[in-house]
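Look at the model below.

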Number of protein chains: 6
Amino acid sequence: MKLSTRNQLPGTVVSVTTGEAMAVVRIKLDNGPEITSSITKDAVEDLGLAEGAKVTALVKSTEVAIGVE
Amino acid sequence: MKLSTRNQLPGTVVSVTTGEAMAVVRIKLDNGPEITSSITKDAVEDLGLAEGAKVTALVKSTEVAIGVE
Amino acid sequence: MKLSTRNQLPGTVVSVTTGEAMAVVRIKLDNGPEITSSITKDAVEDLGLAEGAKVTALVKSTEVAIGVE
Amino acid sequence: MKLSTRNQLPGTVVSVTTGEAMAVVRIKLDNGPEITSSITKDAVEDLGLAEGAKVTALVKSTEVAIGVE
Amino acid sequence: MKLSTRNQLPGTVVSVTTGEAMAVVRIKLDNGPEITSSITKDAVEDLGLAEGAKVTALVKSTEVAIGVE
Amino acid sequence: MKLSTRNQLPGTVVSVTTGEAMAVVRIKLDNGPEITSSITKDAVEDLGLAEGAKVTALVKSTEVAIGVE
């Protein structure tokens, strides 16, 4: 499926922390720093996410703010 | 200011496209692909964003989805 | 690509309104009412979105609020 | 209250999974598939959400991405 | 309609800037600073938003980040 | 760091509720009602957030919807 989501950042899962409802997944980007994602626990199980999994972090452009020093 | 925002990705502005209300800013990440941000036109002017500006893309973890092939 | 995005609603594009930076796409869900999406103008062009196109509306669970009468 | 939120999808609660901070609510849309919402545990209790409750799923247009096959 | 949306901030519209697709609405909170909202142009017209209108700014808790000096 | 984030609301932490993955932080705005934020547990620990902490609630304009009575 081709996505309107402008930001598609490939990486590898570093860790998965699961709560009863939500989960936090840390991803080392192929070229770049770590990125953190908060998704539902169901989604983690549905995608079988675990350390070492190859994934793509997906971020809609409206969700990206900008900072300048 | 220290932020709760888990994802802080440094890069350089590649282009700024401004409409009457909103603007789209493309950023080449220091180590990584391009990322696109949609912010208000006011914010672009307030931060003086233009091609070549050093910036940080900021993404809250709840806004990051994940895909697997 | 399999997505963590819990909400994947198939439908057909009803209209596309494009500004200089952003665009608004209205989608009639296969079984259900209309849904509106705001994405970048680039995304509309990249996906070739136009009236009649078969699409899937994608919404992360964290972006869904709930109302009760 | 009339809302700017473009997407207002009526349905019925199918399940509520509550963690210590957040909760995940699954809703069968009146005409359509299931939709998942992640809201705070407080909100679930405040609205008295439980299986069978008639609700409206609310999604701002900026939070809707689009996919095409 | 009672909302799961935790943040409901009453105020008065200060200005409306409309583009072809999106609009930016600035709101002076009853007790507090100004807040800015980006919604669709359709939503502005649908709600008849104009300077002086009494409104409530609505923000889902997952969309609120935190900064500390 | 100067932010594109249009909404920066100063206040004081009232409570922090932490789950295994996420946390909910309630903030009394300096001039105004309470506001609720859902962030990761890591972010709470990273910022040392606790009752009484002076903070700024940060909300991107695209995440602000509007209601009218």
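Chain B and chain A bury about 2,700 Å² between them, and carbon and sulfur atoms give 63% of that area. Buried area here is the accessible area (1.4 Å probe) that two parts lose on being put together, summed over both. The size of an interface is often given in this way, as accessible area lost when the parts come together.

Which elements of chain B give two or more residues to the side that touches chain A? They are strand E2 (7–18), strand E3 (22–29), strand E4 (34–40), strand E5 (54–59) and strand E6 (65–68) of chain B. Strands (E, at least two residues) and helices (H or I, at least four) are DSSP runs, numbered from the N terminus. The residues on this side of chain B divide into 17 nonpolar, 10 polar and 4 charged. Nonpolar covers Ala, Val, Leu, Ile, Met, Phe, Trp, Tyr, Cys and Pro; charged covers Asp, Glu, Lys and Arg; the others, Gly among them, are polar.

Now count the contacts, meaning heavy atoms within 4.5 Å. In chain B, 31 residues touch 31 residues of chain A. The count of salt bridges between chain B and chain A is 0. A salt bridge would need a side-chain nitrogen of Lys or Arg within 4 Å of a carboxyl oxygen of Asp or Glu.

The model is predicted: local features need pLDDT of at least 70, side-chain atom pairs count only at pLDDT 80 or more, and totals for chains, interfaces and linings use all residues. Residues are numbered from 1 along each chain as its sequence is written, chains are lettered from A and ligands numbered from 1 in the order written, and side-chain values use heavy atoms, without hydrogens and water.

Strands also pair between chains. Two strands pair if DSSP finds at least two bridges between them. Strand E5 (residues 54–59) of chain A runs antiparallel to E6(B), joined by 3 bridges. There, Ala57(A) has Ile66(B) as its bridge partner.

Next, find the open sheet of 6 strands, in the order E4(D)-E3(D)-E2(D)-E5(D)-E6(C)-E1(E), with antiparallel pairing. Strand E4 (34–40) of chain D and strand E1 (2–3) of chain E stand at the edges, each with a single partner strand, so one side of each has no neighbour in the sheet. One bridge pairs Leu9(D) with Ala57(D).

Finally, take chain A alone. Its elements run β-β-β-β-α-β-β from the N terminus. Of its 69 residues, 61% are buried, meaning under 20% relative accessible area (1.4 Å probe, protein chains only).

Terms used
Buried < 20%, exposed > 50% of the residue type's maximum accessible area, 1.4 Å probe, protein only.
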